[in-house]
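Subject: Structure handover

Hi,

Here is the structure I promised to pass on. Please open it alongside this note.

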Amino acid sequence: MSRSSLRSRRIVIGSAIVLASLGAWTTTATAASAIEPAYSVAPPSTEQRACTLDGFVIEHLPDGIGTPSDFEYEWEDVSFHSRVWETGPDPEGAFKVDLTVKTLRGEKLTDLEALKTFLIEYEEKDPDNWELTPVKVGGYDGLFTGDEVFYFVAPGVAAEVTIDPDRFTDEDVLDTAAGFHPET
């Protein structure tokens, strides 16, 4: 191979390496510039956050809730599917739960009273001091206490909605619950 061919080949290879490096740098710089701090990212709209969870439709959400996350877990032979909306981080880096919707499924959930008994144990409530008001949630019998409403849907199936009482009203939690029901 001639000296001039070798030199041309080195220039081409060197140029390719430089261009590849520039491409990688440009891609990295572009990707990095697309990443913004979490506090400046607009959360998805209410319509984008509403849909279904474990066979339940979510038709209504209060304005001003944060970003959703889904969880599945089990306790005492009852399975939970929950969607939690949080806002944050605050200046200390903490997140705050705005709203939670849950489905509960298990054989021990035979009626509203059995659901209440289960939740007393699960939530470690004092049954003598837990002030519950009977409510209708859609066509379902439920119990309401300020920031929480739970209701019996069918044998083995129940739902619960909790909300941040400092930011939202009783009406917000009840409206959200009325819009959280099995798909038809």
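Below is what came out of the analysis, taken topic by topic.

One caution before the rest: this is a predicted model.

Strand β9

Start with β9, which covers residues 157-163. It is mostly covered, with 6 of its 7 residues buried. Which strands pair with it? β5 does, through 7 bridges. β8, residues 148-154, does too, through 6 bridges. β5 and β9 run antiparallel. So do β8 and β9.

For orientation, here are two facing pairs. Thr100 sits across from Thr162 of β9. Phe150 sits across from Glu160, also in β9.

β8 and β9 also make a hairpin, with 2 residues between the strands. Look at Gly156 in that turn: its phi is positive, about 90 degrees.

As background, strands of a sheet pair through backbone hydrogen bonds, either parallel or antiparallel.

The open sheet

Next, a sheet of 3 strands. The order is β1-β2-β10, the sheet is open, and the pairing is antiparallel. Why do β1 and β10 count as edges? Each has a single partner strand, so one side of each is left without a neighbour in the sheet. β1 spans 52-53 and β10 spans 180-182.

β2 takes in residues 56-58. Its antiparallel pairing with β10 runs over 3 bridges. Within it, Phe56 faces Pro182 of β10.

Salt bridges

How many salt bridges are there? The count comes to 7. In general, side chains of opposite charge can pair when their charged atoms come close.

Arg83 and Asp70 meet at 2.6 Å, N to O. This pair links distant parts of the chain, 13 residues apart. Arg83 belongs to β4 (residues 78-87), and Asp70 to β3 (residues 67-75). Buried or exposed? Arg83 has a relative accessible area of 8%, so it counts as buried. Asp70 is partly exposed at 46%.

Asp164 pairs with Lys96, and the closest N and O atoms are 3.6 Å apart. Here the partners are 68 residues apart and again link distant parts of the chain. Asp164 lies in the loop between β9 and α4 (170-178), while Lys96 lies in β5. Asp164 is buried, with a relative accessible area of 6%. Lys96 is partly exposed, at 39%.

Glu123 and Lys125 are paired as well, at 4.0 Å, N to O. The salt-bridge rule takes pairs within 4 Å. Please keep that in mind when you work with this pair. Glu123 is partly exposed, with a relative accessible area of 21%. Lys125 is also partly exposed, at 31%.

The charged patch

Last, the surface. Which residues gather in a patch of negative charge? They are Glu74, Glu76, Asp77, Glu107 and Glu121. Where is Glu107? It is in the loop between β5 (96-105) and α3 (112-122).

Best wishes

Methods:
Residues are numbered from 1 along each chain as its sequence is written. This is a predicted model: local features need pLDDT of at least 70, side-chain atom pairs count only at pLDDT 80 or more; totals for chains, interfaces and linings use all residues. Side-chain values use heavy atoms; hydrogens and water are left out. Patches are made of residues with over 30% relative accessible area and no salt bridge: like charges are joined within 9 Å, nonpolar side chains (Val, Leu, Ile, Met, Phe, Trp, Tyr) within 5 Å. Accessible areas come from the Shrake-Rupley method with a 1.4 Å probe; for residues, only the protein chains shown count as cover. A salt bridge is a side-chain nitrogen of Lys or Arg within 4 Å of a carboxyl oxygen of Asp or Glu. Lys and Arg count as positive and Asp and Glu as negative; His and the chain ends are not counted. The place of a charge is taken as NZ of Lys, CZ of Arg, CG of Asp or CD of Glu. Helices (H or I, at least four residues) and strands (E, at least two) are DSSP runs, numbered from the N terminus. Buried means under 20% relative accessible area, exposed over 50%, partly exposed in between (1.4 Å probe, protein chains only). Two strands pair if DSSP finds at least two bridges between them.
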